[in-house]
Amino acid sequence: MTDSVKKRKLLVLVGPTAVGKTKMSLEIAKQFRCEIISGDSMQVYRGMDIGTAKASPEERAAVPHHMIDIHDPDYPFSVAEFQERAERLIGEISDRGHLPFIVGGTGLYIESVCYGFQFSEGGADEAYRRELNDYADRYGEEALHDKLKQADPPSAEKIHPNDRRRTIRALEVLRLTGMPLSEHLNRQKKESPYELCIIGLTMDRDFLYKRIEERIDAMMEDGLVDEVRSLLDRGYSTDLVSMQGLGYKEIAGYLLGHYSLSDAVEMLKRNTRRFAKRQLSWFRRMKEIQWVDVTEPNFFEHLATIRAIIAGKFTTGLEYDG
């Protein structure tokens, strides 16, 4: 038996926020009998629905979804936990005779599963973590991120300035091992334990930015302010990683009186555009991605292209509902 036959099939759909992954993934999942594993680091949190653009209850009823609403917002979710849970799910889904399908935009999380990254970079230094947390409390997240930018620019480019936990971990890895986190990731073996088919959605940047702004306007109409207010009322601190996520940090700032609602929305649009740019930069490094440009609004033509890619990659043992 060849290695490719032994390996489980894994389908992956990536791309920047607002590019249209959810709608496309639902159609693909129906046609190829998939179960979807969310590859988004924020959709694991309960009560954070609008700002994370989760699939609706109706969409989740139509196609099985995993890794959504598994933790409360104060839980310190990590890439290592994502990897462990996703690997277990891939086995369970495959054993049911379905196709595991990771869909999302958190590059490190998805790549860690696709290539079986090892996360044992030197243990922990609790005293150093406290020192860095104290520094961030005193000078702010941006100042902490500047430390990482000076010490490990590639990691700083991929970690959001507001993501204190990941910024501290990257600095901690450097202190413990003498090697930047980016170098640890570069040294990971890029050989997948799966028979991979990775598809990336992309589009013209100006068009993508317009979609981002439209999505944020829709989130506001859907009640993003009320969602963030509810989280604050339940006692979730703005220092939590979850509450530093796009949409939550900006709207919380408005609710706490730091700036106006219009300023918060403009900040959110700006930060989301920057986030989309970082997502694309990350995914462009993944050589196995087969890109599909979805700028032109012809959904079924794009779907047919993707279906052909999947059928061509998974040439045996996979049928789809035409």
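Which residues form one aromatic cluster? Phe77, Phe82 and Tyr109 do. The model behind this is predicted, so to speak a calculated fold, with local features needing pLDDT of at least 70, side-chain atom pairs counting only at pLDDT 80 or more, and totals for chains, interfaces and linings using all residues. Residues are numbered from 1 along each chain as its sequence is written, and side-chain values use heavy atoms, with hydrogens and water left out.Searching the whole structure turns up four aromatic pairs. Here, rings of Phe, Tyr and Trp (its six-membered ring) pair if their centres lie within 6.5 Å; planes under 30 degrees apart count as stacked, over 60 as edge-to-face and the rest as tilted. One of the pairs is Phe82 with Tyr109, which is tilted, at 5.2 Å centre to centre and 50 degrees between the planes. This pair ties together distant parts of the chain, 27 residues apart: Phe82 sits in helix 4 (residues 79-95) and Tyr109 in helix 5 (residues 107-114). Helices are DSSP runs (H or I, at least four residues), numbered from the N terminus. Both Phe82 and Tyr109 are buried, where buried means under 20% relative accessible area and exposed over 50% (1.4 Å probe, protein chains only), with partly exposed in between.

Phe299 and Phe300 make an edge-to-face pair, at 5.2 Å centre to centre and 85 degrees between the planes. Phe299 counts as buried because its relative accessibility is 17%, whereas Phe300, at 61% relative accessible area, is exposed.

Lys147 lies over the face of Tyr135, 4.5 Å from the ring centre, and Arg284 over the face of Trp291, at 4.4 Å from the ring centre. To count, NZ of Lys or CZ of Arg has to be within 6 Å of the ring centre and within 35 degrees of the ring normal.

Methods: Helix = DSSP H or I, 4+ residues; strand = E, 2+ residues; numbered from the N terminus.
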